[in-house]
Every structure is written in C-alpha cells, then in structure tokens.
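Please look over the sequence and the model together, and then follow the paragraphs below from one part of the fold to the next.

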Amino acid sequence: MRGLTRSEAGLWKRAGTVLALAALVATGCVGPRGADSPSTPAVDPFGNLRIGTDRPIEIGTLLATSGQGAALGVQSLRGVQLAVDYLDGKLDGTPGKLLGHDVQLLSVDEGCNPEGGRAGADILTSAPIAGVIGTTCSTAALGAADAALASKGIMLVSPTDTAPELTAAGSHEPFYVRVAPNAGIQGAVVADFAREKLDASTAATLEDRRASAGAPAAAFRSRFLDRDGTMAGSAVISEGDYKQGLAQVGAARPDVVYYAAPEVDPSCGLMPRDAERVPGLVGTALVSSGGCFGPPYLLAGGPAAVGTYVAGPDLTTIEMGEFYKDSFAPAYVEQFGNEPQGPAAAYGFDAASVLFDAIVRTAKTRDDGSLSMGRSALREAIYATSDYVGLTGTLSCTPLGDCVPSATIAVYRVPEVPMTGGVTGATPVYSETKSLTDLAP
C-alpha cells in the first residue's frame, strides 16, 4: 500500500516504501506489478487507459473551489497537491513522479451542487484521466458526478463527502469511494454525547432539505431512543431558514437540539441567533453537525454561538500524528502560507494517495515502455484497499465504497474549536469512536 514510511513516521506503514519504489523505478530495476506480463493487455469492459512514455498521468480533481464549499474544497485540493509532492518521499515543493511519469492535475470547480458535479464530470471525461479526486459536497456527487463518471468506468475518490446515500445499497455507484466518515456515525456519537455529558433526557432534531441531512438525524434519533432518551420532536428546514423549525421544536422545551446540516452550510451560524428568540429553547443545548464546522459558523453566530457545540472529525487523532506534525503541516504552511484549517487537507492527501497506490498496483508496462491500465482493474485495486495507514487513520474500503469502517468523532464547545476564530489546538469536550456496524439495525 502507498502510505507513509515508518522511517519518517513511526506509526505509518506500506507495502514497499515510496522512496524505494521511486529509486528502483528510476534506475529501471523494477516496474509496477505486472510489468513482466505480455505486452497485449487483457480486455477491460471499460477499456484500457494507455499512457505514452513521455506523457504525464492525468488526474482530475472535482472540488468546490468557489462558493459555499470553497473552504473545504481548496483545503482538499492543497492536500492533493501535497500528495503529488510526496510521490518521491519528500515534501519539498517539488512534485514527485508516479511510475516514472509526471502527474498532471486537471482541476474543475463542482460548485457544491448537482449541476456543477455533472458538468464537471463531463469536462473531465473528455481528457484521458486515470481517476478523479472529488467531490467536496455530496450534492455534487449523488446521482450527478458519481453516475456520470461511473458510466465511463472512471473512479471517483472523495475526500469529504459524508452523505450516507452515496454508499447505501441501491444508490451507490460502483466507481465511487470516499475516505471521509459516513455522516451516520456522527449522528450516533452526538446522541451518546447528549446522554452521557449533557445528561439530556429529551431531544429534538433539525434537518436541512438541501442535502442528505436525514440520515445523521435519523442515526441520532435511533441512538438517543436506544439509550432511553425521549424524542421531543423534529423539524425540516429549507435554505437556512431556521426560525419556523426552531419555534416548532422549541414548543416541547427539549434539553438538546441537534442540527443535522449539509456537509457545507455557511448559514448555520444564524441558528444560535434565531434560537435566542425562542422562549422554549432558553437553556437548551444546541449541537451542530460537521456542516457547521468552519469559520462562517463563528462569524455568523457571533456571541450567540458561544456555548453551543459543533461536532466533526476528532482533529487531535490527526494532529498528534508524527508525520502530520513534523512533515505535513510544516510543508502546508511553507507552500500555502497558513496552517491547515480542519481535516479537509489531510483527507485530500489520503484520497490522492489511495488512488496513486491503486495505480501502482494496476498499471502494466508495455514492450514500448508505455503504461496500460484497465479501468475495471483499477476499481478492483481501490476496493481491495485494506488496513492502509494514511494521514487521517486506517482505511479499508467496503464493497459499498466506505473506506472508513470506523471514525472518531469529537464535539467541541464554542469558542474552544480548532478553526479560524477559535482556538488553535482546541481540546474536544467529548470524543468517541464508532464503526459502521454500530449503525446496523
């Protein structure tokens, strides 16, 4: 597996180090797996991508680099760029090579919406790309980019999509995987937080119509009820209009309200301000999901956000890693001028690394020195990813495309949050690890 070498970070492993692979390929001592096979590649139902000896390996990125998803998308893109840099085993600002070839990134903005995801996929499929890193927003993937790319047999590896529908039986596209945790895990962890730390006996949920908020809200409700809590109500809001929904759930005076936001929701900082005007929510704890985990929540919420809670990936599990502290974060600052904000850059690095590793295990060298790679074979290699120790944790891809079988979710109390406007190195008030099997009925 292409991961981080033990010599550079004691807890990282891989099957064959990046440095050794780069050196051997450069000297012609070894080729990719299958290099000694016949020059005529096997027939692949989606075709074989051929890369000439003097041509780069082209990788698409389909990330939100403008609009409401830009805070995540730009971070992820930078993580991908650092993964290209690290192909030679060094984060020195000089791109490495993959199997002796330069890597060329073809970047398209998906706009955090289905139309952008579909249009971006169409643009990328016009080029001889090996695979795509994306999307930032689940709405850009679900039934849009994932379907368009799957129809061409092109892998889509997402760094930050969280919608459970993307990896659910019946809606999962076979050429889609993600390295971000399923949002259902977060909902269940927040329910445990509410019962254990807040001692909440009654709860209500808010969910947004815009994107896949129903599953984490449902996971919260199921777990809260399993732990002998009482659901006092739920409401569905639309387009950041919280007033009616808050008034609806506030009538029951719940101990806690969990807002299951889309994965990118810059407007959700308005929720605590609107909640202050609801008499039934005086003293109610407000917990927002990962869609609020960003500077806009603090900016829009202002003083009203202080004392509320936001849930998301536990950054301490990433930031405490030796490679992250000693190599990744310093290189990020050196190349981009500021520190990573949240986990999106690390997820981008892992998404690209998983794709690169699969390419190494799939591509075959032809007699003329060019590379040939079957698209279905690449898919099989990615789905075979198991116990891959990456920057964000250990990745093992399930048949439905979830490569994070378990995730550590943290809950932070504003202003002690690790984001711009918060506190650097903030400590969560609660953290718990859950697996996908914990969500099974």
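Tyr242 has a relative accessible area of 0% in this predicted model, and because buried means under 20% relative accessible area, Tyr242 counts as buried. Tyr259 is buried as well, since its relative accessibility is also 0%. The rings of Tyr242 and Tyr259 form an aromatic pair of the edge-to-face kind, with 5.4 Å from centre to centre and 85° between the planes. Tyr242 belongs to the loop between strand 8 (230-237) and helix 7 (243-250), whereas Tyr259 is part of strand 9 (residues 256-260), so the pair ties together parts of the chain that are 17 residues apart in sequence.

Tyr86 and Phe323 are both buried, and together with Tyr324, Phe328 and Phe349 they form one aromatic cluster.

If its neighbours within four places in sequence are left aside, Pro95 is in contact with Val84 and Asp85. The C-alpha atoms of Pro95 and Leu82 are 8.2 Å apart, and these two residues are separated by 13 residues along the chain.

Cys403 can be considered next, in the loop between strand 15 (394-395) and strand 16 (406-413). With a relative accessible area of 1%, Cys403 is buried. Leaving aside its neighbours within four places in sequence, Cys403 is in contact with Val177, Arg178 and Val179, and also with Thr394, Leu395, Ser396 and Cys397. Between the C-alpha atoms of Cys403 and Val157 there are 9.9 Å, although the two residues are 246 residues apart along the chain.

From single residues we can turn to the empty space in the model. Rolling a probe the size of a water molecule over the atoms shows where such space is left. The largest pocket has a volume of about 730 Å³, and among the 46 residues that line it, Leu72, Glu263, Gly290, Gly291 and Phe293 are the closest to its centre. Which elements each supply at least two residues of this lining? They are helix 2 (70-85), helix 5 (183-196), helix 9 (295-301), strand 11 (309-313) and helix 12 (344-362), and helix 2 gives the largest share, with 5 residues. Sorted by class, the lining of the largest pocket is made up of 28 nonpolar, 16 polar and 2 charged residues.

Finally, the protein may be viewed as a whole. Its secondary structure comes to 13 helices and 17 strands, and of its 441 residues, 56% count as buried. Among the contacts between residues at least 6 apart in sequence, 72% join residues that are at least 24 apart. The accessible surface of the protein comes to about 16,800 Å², and 52% of this surface belongs to carbon and sulfur atoms.

Methods. Residues numbered from 1 in each chain as written. Predicted model: local features only at pLDDT ≥ 70, side-chain atom pairs only at ≥ 80, totals over all residues. Heavy atoms only, no water. 1 Å grid on protein atoms, 1.4 Å probe; cavity = no way out; pocket = protein on both sides within 12 Å on 5 of 7 lines; lining within 4 Å. Points joined across faces, edges and corners; volume = space filled by probe spheres on them. Helix = DSSP H or I, 4+ residues; strand = E, 2+ residues; numbered from the N terminus. Nonpolar A, V, L, I, M, F, W, Y, C, P; charged D, E, K, R; others polar. Buried < 20%, exposed > 50% of the residue type's maximum accessible area, 1.4 Å probe, protein only. Contact = heavy atoms within 4.5 Å. Areas by Shrake-Rupley, 256 points an atom, 1.4 Å probe, with all protein chains shown as cover. Phe/Tyr/Trp six-rings, centres within 6.5 Å; stacked < 30°, edge-to-face > 60°.
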